[in-house]
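Hi,

Here is the structure I said I would pass on. Have a look first, and my notes follow below.

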Amino acid sequence: MAILPILRYPHEVLAVDSEPVREITPDIERLVRDMIETMHAAPGVGLAANQVGVALQVAVVDLSAGEKPGETLVLINPRVIEYSGGYLEDEGCLSLPGFTERVSRPERTVIEAMDLEGKRRVLEGRELMARAFNHEIDHLHGRLFIEHLSPLKRRLIKRKVQKRMRAGDWDLAPA
Ligand code: NI
C-alpha cells in the first residue's frame with residue numbers, strides 16, 4: 001500500500017470527466033487500497049481517483065475518517081438515482097486544504113454504485129453521507145465544491161490560491 005500525493009486545485013486532472021471502470025482488475029484493487037490509505041492518512045472523509053491523478057470513476061468515502069474499521073465505502077461508477085431536500089453546511093476538500101464554505105446539497109441522496117467485488121449496490125445517504133456522495137460524484141465529473149459557490153466567492157478563493165502559488169506555498173502536486 002502507498003500514500004499517494006493529493007493533487008490540488010487548479011490541477012487540470014481535477015477538471016476531467018473521468019472514465020467509467022469496465023472491469024475490476026488487480027490495478028483497480030491496488031488503486032482503491034492506496035486511495036483508502038491516502039484518505040485515512042490525510043485525514044479526510046472522501047477521496048476521488050482523479051485527486052490522486054487517475055481519471056477513472058472510483059471514489060472512497062469514510063465518514064469516520066478511519067476511526068471505525070469497516071466504515072469505508074468503495075464507489076465504482078457511482079451515479080445519483082434519486083435525491084430530495086436540501087440543506088446548507090460547511091464543506092471542504094482535500095484538494096483545497098484550508099478552505100471551507102457553506103454549500104447547499106440534497107438532504108437525502110440515493111446512489112447506485114459497484115463495489116470492489118463488482119456487485120451493484122444501491123446506497124441511501126442522509127445529511128453528511130448525502131453530502132459526501134454528491135461531493136465525490138462531482139469530483140468524478142470534474143467539478144469541485146467551489147463551483148457551487150457564487151462567482152464572487154469562487155473568484156476570491158481562486159485569487160487566494162494564486163497568491164499562495166506565487167509565494168511558493170501551494171504545490172499542485174505535493175510530494
Ligand atoms: Ni473533494
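**The metal site**

The nickel ion is held by Cys93 (SG), His135 (NE2) and His139 (NE2), at 2.1 to 2.3 Å. Donors here are N, O and S atoms within 2.8 Å of the metal (3.2 Å for Na, K and Ca), and with water not among the atoms, sites may look incomplete. This is a predicted model, where local features need pLDDT of at least 70 and side-chain atom pairs count only at pLDDT 80 or more, while totals for chains, interfaces and linings use all residues. Residues are numbered from 1 along each chain as its sequence is written, and side-chain values use heavy atoms, with hydrogens and water left out.

Along the sequence, the donor residues follow the spacing C-x41-H-x3-H. Cysteine 93 sits in the loop between strand S4 (87-91) and strand S5 (101-105), and histidine 135 is in helix H2 (residues 128-140), 42 residues apart, so the pair links distant parts of the chain. (Helices, H or I with at least four residues, and strands, E with at least two, are DSSP runs numbered from the N terminus.) Cysteine 93 and histidine 135 are both buried (under 20% relative accessible area, 1.4 Å probe, protein chains only).

**The core**

The largest nonpolar core has 15 residues; such a core is a set of buried Ala, Val, Leu, Ile, Met, Phe, Trp, Tyr and Cys residues joined through side-chain atoms within 4.5 Å. Helix H1 (26-41) gives the most to this core, with five residues.

Cheers

Conventions: Buried < 20%, exposed > 50% of the residue type's maximum accessible area, 1.4 Å probe, protein only.
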